[in-house]
Amino acid sequence: MTRRRESVFYATRQAVVLICCLCLLAVVCVLVVESSALDGKKRDAFASMDRIATQLISDTDTPPRIDPVSLKRLNQSYSIHGLKFVNLSGVGPAGIPVDLQQEEYSSAARVGEGWRRDSGHPAKIHLVRTVVSNGVHLGYLTTTLSTDAIEEEQGAVRQSIAVGGALVALFGLIATFSLDKRRAASIEVLRRHISALARGSHQQIPPTMKTWELADCMNSLSSIAEELTERIQRSAQNKKELTTILASMSEGLLAVDQEGQVILVNDAGRKILSLDDRASLPATLAEIPDAAVFQDLIRRTMEAGVALAEEIDLNDSGRNIAVQIAPLRDENRDVGGAVCLLSDVTSVRRLENMRREFVANVSHELKTPLTAIQGAAETIHGDESMPAAIREKFISQIVKNARRLDCLINDVLELSRLQSSDEHLSKSRQNLIALARESVAQFKETASLKGVTLKIEVPDDELFVDGDLRALKSVVDNLVVNAVKYTPRGGRVLVRLKSLLSQVVLEVSDTGEGIASEHQARIFERFYRVDAARSRVEGGTGLGLAIVKNCVLAHDGQIEVESQVGEGSTFRVKLPRSSF
């Protein structure tokens, strides 16, 4: 409704302007017509006066005598034609004096003719013309014209102009409203097109405009829309690429402005800073609890304007975060914020600690048998008169520790082979029942000498797995050896195999002392011993269960333990069944 009112107002204003112009044109036409009519009347009157004066003077004496008698006769002659004669002395008909200083007489004296319009009603025009005979100025010939006829003609002209002007104004008003309606419709189409462009609909087809001005405007808008669409698409593509890059980064990225407002944080940064992936962007750095530890580092970076790097413990959570912070600069090279690169190096530091512990444990485990071998050898070498029985005892100790050293080295090499990414297992179809029977047969005598009953239970069907023969044999042997080793005399060890859906399950159970719950989570670590002193007496290296776990994981299997102190333990290995 408002746009319609504006359109009507615009059309009315145009119509008023048009009518005013037409009225002004009519007034000009009236003035021109009146002036033309008046000039025509004056020209005709002057021509008649000139003709009559010439004719009458030619009939009189030359030069005429301007005396009262002659003047009376001359006025009688002129009065027949409606004219009056005034001599140079200013004496008119019947001796009436005339003021020769009047405008029409002064003008006639200068240029030969003059006129003056009387402002009375009805209006009259006084015409004066000089009378000259043979170059002699005799006087003035004057007459008075009534403007009634002129006014009648001018009235008719005014009426015609008024009717014509009214018709033209009516036509102009109709044409104005018609054109304005057409223009308003085009403007409305243009407005809708612009509104659609403002809402982001840049792919719409531009409408056809019916006026050249709006058509040029629409062409310009179409060009702008095409360029804007191209820029938006390019910006969206750049944003998509940037988002993909940020999302694929393993390092966390956090950007803040000079006031500490968070500008950007990627997915990895959210994970490191313990932020909800679905939560909105934090308003300030202070709203991120885990970011408080490096707020001071950010502040120092922005103050100094140089990049800084530190490794921090994130809120005593046991996570090590490497933080690299660089200042953000604007186009004037002024510091306007900071960008933080966050790397979770917890696993790296854990591996480094494990490596150091492994080296220390290996060094310690190697040093113990080497020290025993060195001591026994030096004793034998330093006492040549040593009795044979004692010498044999020391030699046995050397052999025992040498074997222990050999086992330790072999276990370390085996564990390294399993953990090496460059070492590939040679997998083939293996009969796990045959491996279990072979292992039980191998350690049957050892169990008997210790007074431990060793049995095996297997199903009637063969159980096959895809695996490395050496690694699978190491799994079975280590579990059986450990069960026999830590089961006291009179105890029992049972090796059981069964099929469970798509898996083969190997269980090694014993009636030994059992493992306390606080140790069960760590018994698969390298060199971890529940009872270190007993393990060394039994000749263990502390790597057996670590080798078992790595072998099982290398075969995409699972290993678990169930144990209660005083009742015994059960180690359960689940391996994928062979697909052949």
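Lysine 455 has leucine 494, a residue of strand E13, as its bridge partner. The model is predicted, so to speak of local features a pLDDT of at least 70 is needed and side-chain atom pairs count only at pLDDT 80 or more, while totals for chains, interfaces and linings use all residues. Residues are numbered from 1 along each chain as its sequence is written, and side-chain values use heavy atoms, with hydrogens and water left out.

**The sheet and its helices**

E11 and E13 (residues 492-500) run parallel and are joined by five bridges; two strands are taken as paired if DSSP finds at least two bridges between them. Both belong to an open sheet of five strands with mixed pairing, in the order E11-E13-E14-E16-E15. Strands E11 and E15 each have a single partner strand, so one side of each is left without a neighbour in the sheet. Helices (H or I, at least four residues) and strands (E, at least two) are DSSP runs, numbered from the N terminus.

| Helix | Strands | Angle |
|---|---|---|
| H10 (residues 432-450) | E11, E13, E14, E16 | about 170° to E11 |
| H14 (residues 544-554) | E15, E16 | about 140° with E15 |

Eight of the eleven residues of H14 are buried, that is, under 20% relative accessible area with a 1.4 Å probe, protein chains only, where exposed is over 50% and partly exposed lies in between. Among them are Leu545, Ile547 and Val548. Aspartate 556, which follows H14, has a positive phi near 60°.

**Nonpolar cores**

A nonpolar core is a set of buried Ala, Val, Leu, Ile, Met, Phe, Trp, Tyr and Cys residues joined through side-chain atoms within 4.5 Å. The largest has 44 residues, and Leu454, Leu479, Val495, Ile523, Phe571 and Val573 touch the most other members. Helix H11 (469-485) and H14 are among the elements that each supply at least two residues, and H11 gives the most, with eight. Leucine 479 touches residues including Leu545 and Val548, not counting those up to four places away in sequence. A second, separate core of 21 residues includes Val262 and Ile272.

**Confidence**

The chain has a mean pLDDT of 75, with 70% of its residues at 70 or more; pLDDT is the predictor's confidence in each residue, from 0 to 100. Over residues 59-67 pLDDT stays under 50. Where pLDDT is low, the predicted coordinates should not be read in detail.

Key
Contact means heavy atoms within 4.5 Å. Axes are lines fitted to C-alpha atoms, for helices over the stretch in contact, and angles run from 0 to 180 degrees between N-to-C directions.
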